[in-house]
Amino acid sequence: SMSILTGFLCADQGESRVLGYLPGDVRAKQRIGFLPENFAFHRHLDAERLLRFHLRLSDRKVPDPAALIAGLLTKVKLDGTKGLKIGGYSRGMVQRIGIAQALLGDPDLLVLDEPTSGLDPAGRKDVRDIILALKSEGKTIFLSSHILSEVEQICDRAIIIDHGRVIRASRM
């Protein structure tokens, strides 16, 4: 499960590695970007302040934080929202700022849990396009989705898991 891979839960049996490390190892966590299905950001912040805050939390040293943040906002198509508080965002905009936040550390692995959940068709397409662009840049993306057409459009490999057990695994 994603909770085991990200180190939030420990497995009662079996063994796994994340980027060569045990799940939860700080060295693995530093290389993972995570977007949970249900999350909430500070509604009173705008996108730039939120990303600046999370960049400081990540302890990533970058020569030009403003340029990094501007680039991420462009990548997730939020560059035209300067000054708009997150409390005024649509659900799709919140998902996109969540993806930007997950990308702050330039992760080797991006873990996305139901990234299009609750979005209308246009919002799902926007998020799917961002994921496909990240994939084309060479990012490894671990995606959880119950929308099988979305899985077919995005994924190279699929694994069906039921209550922690792998039911089926295949290349797309």
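This is a predicted model: local features need pLDDT of at least 70, side-chain atom pairs count only at pLDDT 80 or more; totals for chains, interfaces and linings use all residues.
Residues are numbered from 1 along each chain as its sequence is written. Local features need pLDDT of at least 70, side-chain atom pairs count only at pLDDT 80 or more, and totals for chains, interfaces and linings use all residues, while side-chain values use heavy atoms, without hydrogens and water.

Select Leu5, Phe142, Leu143, Ile159 and Ile161: of the 45 residues lining the largest pocket, these are the closest to its centre. A pocket is an open set of points on a 1 Å grid over the protein atoms alone where a 1.4 Å probe fits, with protein on both sides within 12 Å along at least five of seven lines; lining residues have an atom within 4 Å of a point. The volume is about 1700 Å³, taken as the space filled by probe spheres set on the points, which are joined across faces, edges and corners.

Next, select Lys29, Ile32, Gly33, Ser58 and Gln101, the closest to the centre among the 21 residues lining the second largest pocket. This pocket holds about 640 Å³ of space.

Now go to Leu19, which is not a glycine but has a positive phi of about 55°. Leu19 is partly exposed at 31% relative accessibility; partly exposed lies between buried (under 20% relative accessible area) and exposed (over 50%), with a 1.4 Å probe and protein chains only.

Finish at Asp106, another residue with positive phi, near 50°, that is not glycine. With a relative accessible area of 47%, Asp106 is partly exposed.
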